[in-house]
Amino acid sequence: MPGPGAVIRGLRHLKIQSGRSWKEFIKFLLLLVKRMLGNPQVAELLRFIFLGTIVETGRVVGAKMVSTVNSFFLVKASFKQGELSYEWVSAYIDHHKVWNQSRTFRVVARNPETMANRDLAIAVADGYPSAVYEPSASEPELFHWKGRHWITISKEEKEGGTSLTLQVWSRDRSVLDDFVQEARTFYRTSPQAPPKQDFDYSQSLIVGHFNQADFSYDWVLDYLQSENIMADANEFTISTKQTDAGWNREDAKQPVRYVPSTNTKQRLRWREHWMQVEFVIGYEDGNGRTTGGSINIMLHSCDKAVLGQFIEAARVHYTNASISRVTVHLTDNYGSWARAVTKNRRAFSTLILPNGIKELILADAKEFLASEEWYTFAGVPHRRGYLLYGEPGTGKSSTIHALAGELGLEIYFISLAAPGIDDYTLGRLIRDTPSRCILLIEDIDCAFPSREEDDDEPLLDSKGNPIPKEPIPPRSQVTLAGLLNVLDSVASEEGRLTFATACIPYILSSRVLILRQTNHIEQLDPALIRPGRMDLKIQYGLATAEQLEQMFDRFYPYDQESLAEFGPSIGCYFSQTTGERLSSAGLAGLAKEFTEAIPPARYSIAQLQGYLLSRKNDPEGAVAGIGVWIAEQEKEKREMDELKQKRRKEAALRRAAEAAAEREVVAVVANGVKPEADGPIENGTVQE
Ligand SMILES: Nc1ncnc2c1ncn2[C@@H]1O[C@H](COP(=O)(O)OP(=O)(O)OP(=O)(O)O)[C@@H](O)[C@H]1O
């Protein structure tokens with residue numbers, strides 16, 4: 001073999017000779033190759049390169065041919081996590097146990113009950129999670145679908161999420177169509193809850209957001225908590241507060257409520273639809289109430305009507321459940337409606353009022369609610385005002401609650417003295433109430449105090465001049481003009497019955513407005529109670545003889561009607577002296593004695609109720625002890641009056657002294673002359 005020096009010399013020679021002959025050059029090359037092949041190592045290398053080229057070319061051509069053939073006989077589809085279609089196929093192949101032959105698993109701990117394919121779990125029924133084989137990225141599995149079609153399925157896990165690839169061994173794409181369609185139907189109708197997902201399917205599914213400030217939130221919360229819907233859920237907050245919405249576990253001695261946990265997602269079945277429910281936590285408003293929360297529902301449907309049906313079902317469920325309850329909506333500190341509390345409904349018959357009053361209120365409200373068309377026809381604003389006023393503890397609030405139960409209306413309660421309630425928020429709150437409800441406005445007397453709290457004669461100073469009464473600062477940011485404006489506004493002409501405790505009930509279109517006030521109707525501004533704003537004014541007085549008798553019958557039923565209403569377990573009382581059962585006639589006699597022993601219009605029903613409650617199984621004892629109770633009440637009243645009087649006098653003395661000091665300063669500043677002092681306030685007038 002020529003060395004490198006010979007090759008260089010040959011090339012130089014070739015360059016010199018190039019003009020002469022190419023034949024010599026080729027000859028030289030052949031000689032060169034021959035010499036090289038003569039070397040065994042180079043020959044081996046060249047052979048290896050040659051064979052490698054042939055093999056690689058064959059492989060590429062072969063692969064190309066396979067893919068060309070495949071494209072004729074295979075249909076390929078991939079499904080990426082985050083798409084609903086991935087969930088369909090994934091659930092379907094799990095159900096068909098495609099991964100059972102797999103050799104690559106991740107072992108996790110799960111509740112096998114929630115698995116579509118339990119063969120992949122080492123299931124032990126001991127109430128503890130079982131070891132479960134979860135197929136991870138694996139070699140393709142061959143799946144003989146329906147015994148007719150071969151499908152190769154492979155799973156790939158990448159950073160962007162898992163994906164499934166299907167190769168259907170068929171020239172016909174319709175096999176893939178059928179497969180996907182069947183997976184979709186399986187998923188849709190499967191009784192097995194699909195795993196909850198964090199993906200945003202809002203482009204393909206309907207999503208409803210229910211904010212805590214809206215009443216639909218209560219409907220949905222109540223509906224979701226009905227056991228049949230929450231049966232699939234597995235995450236709860238346990239509450240022993242009976243006011244918390246949730247369902248009871250009656251089996252426990254201390255009943256607890258399972259309340260859906262916040263900030264979690266639950267996959268639940270509603271009718272034939274899957275839905276994913278997320279409870280978003282609110283924040284504490286400083287009053288111990290939570291506000292700002294929401295329920296987000298992703299319904300597995302793209303038909304908006306389904307969301308409508310869901311909301312309607314929730315509303316109906318809520319309304320039906322409310323038949324035995326009265327819902328009272330309260331405001332938060334920011335002037336918005338916060339969560340509602342429910343109370344057991346109070347039967348209208350349990351109200352103890354002078355003859356005909358109950359019937360009058362109920363008939364009036366019913367007639368009003370039923371006559372919307374007439375009002376429209378007559379061009380009269382559909383609103384009606386009720387003013388319930390009178391002594392504390394005489395049944396104003398009870399009437400409103402009983403009326404709400406009787407009419408099937410919810411109460412929306414606004415206290416004008418509550419923080420955050422001003423003219424603006426009051427208007428907004430009223431606008432935000434639904435069209436058939438009772439709007440109860442309390443503390444109207446605190447909002448517009450027009451005089452001193454008590455109605456005693458004014459105190460006089462030593463010269464006989466009345467000492468000015470201490471003005472009471474309003475405890476509300478609502479102005480009278482603001483309230484009148486709200487009552488007259490269009491928003492209030494939509495069938496609300498409005499009641500005010502102080503106590504002015506006011507029926508507004510299909511809403512009832514009740515303003516409630518204790519005692520003094522004359523304290524209310526005439527503009528507020530003029531006809532058209534307050535149409536029916538009912539005074540609640542202290543218990544009359546008739547009410548006392550009714551009350552005794554309520555506590556110890558003896559009247560046939562009452563006995564029939566209460567049932568056989570009630571009405572069985574024994575004499576504490578003879579031990580014998582008291583007859584109806586005996587009880588009627590005790591009722592008469594009781595009524596005669598109590599001076600009429602002296603005590604409220606609430607006071608007497610307190611007394612009778614301490615003797616609820618002892619009618620004889622109740623009658624025997626009433627004299628002592630009256631004496632105690634009178635003594636207590638005297639002491640209270642004396643204390644009140646003392647306080648008034650102290651306050652008057654303080655004010656007189658302050659006024660004198662003020663006059664002195666003014667006089668000194670004006671003339672440099674000290675005015676004559678008023679002298680001490682004498683006994684008998686203010687007068688200490
Ligand atoms: N007329 C009544 N009929 C039945 N129960 C009554 C009556 N009056 C009072 N009560 C009982 O007394 C308690 C207090 O009654 P309620 O709150 O209705 O009085 P009120 O007039 O609204 O008092 P306030 O003005 O102080 O709020 C309740 O438990 C209620 O059951």
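Predicted model: local features only at pLDDT ≥ 70, side-chain atom pairs only at ≥ 80, totals over all residues.
Student: Let's start with helix H9. What makes its span close to the expected one?

Tutor: Helix H9, residues 357–370, has 14 residues and reaches 20 Å from its first C-alpha to its last. The expected span is 1.5 Å times one less than the number of residues, and for H9 that expectation is 20 Å.

Student: Which residues of H9 are buried, and why are they said to line one face?

Tutor: The buried ones are Lys358, Ile361, Ala365, Phe368 and Leu369. Seen down the axis of H9, they fall within an arc of 120 degrees, so they line one face of the helix.

Student: On to the largest nonpolar core. Which of its residues touch the most other members?

Tutor: Of its 63 residues, these are Ile411, Tyr412, Ile414, Leu426, Ile438, Leu440 and Phe594. Strand E21, residues 437–442, gives the largest share of this core, five residues. At least three residues come from each of domain 4 (345–540) and domain 5 (545–624).

Student: What is leucine 426 in contact with, beyond its neighbours within four places in sequence?

Tutor: Leucine 426 is in contact with Ile414, Ile421, Val478, Gly482, Leu483 and Val486. Contact here calls for C-beta atoms within 7 Å.

Student: Why is lysine 97 called partly exposed?

Tutor: Lysine 97 has 14 C-beta neighbours inside 10 Å. Buried needs 20 or more and exposed needs 12 or fewer, so with 14 lysine 97 counts as partly exposed. This residue sits in the loop between helix H4 (84–95) and strand E2 (105–110).

Student: What about its phi?

Tutor: Lysine 97 has a positive phi of about 55 degrees, although it is not a glycine. Most residues other than glycine have a negative phi.

Student: How is alanine 601 classed, and on what count?

Tutor: Alanine 601 has 13 C-beta neighbours inside 10 Å and therefore counts as partly exposed. Its phi is positive too, about 55 degrees, and its place is the loop between helix H18 (584–597) and helix H19 (605–613).

Student: Finally, which residues does the "coiled-coil region" annotation cover, and how much of that stretch is helix?

Tutor: The annotation comes from an unreviewed UniProt entry and covers residues 626–663. In the model, residues 626–663 are 100% helix and 0% strand, with the end C-alpha atoms 55 Å apart.

Key
Residues numbered from 1 in each chain as written. Helix = DSSP H or I, 4+ residues; strand = E, 2+ residues; numbered from the N terminus. Arc of directions from axis to C-beta. Core = buried A, V, L, I, M, F, W, Y, C linked by C-beta atoms within 7 Å. Domains from an automatic or database assignment. Contact = placed C-beta atoms within 7 Å. UniProt positions renumbered as here; feature names shortened; annotations may be inferred.
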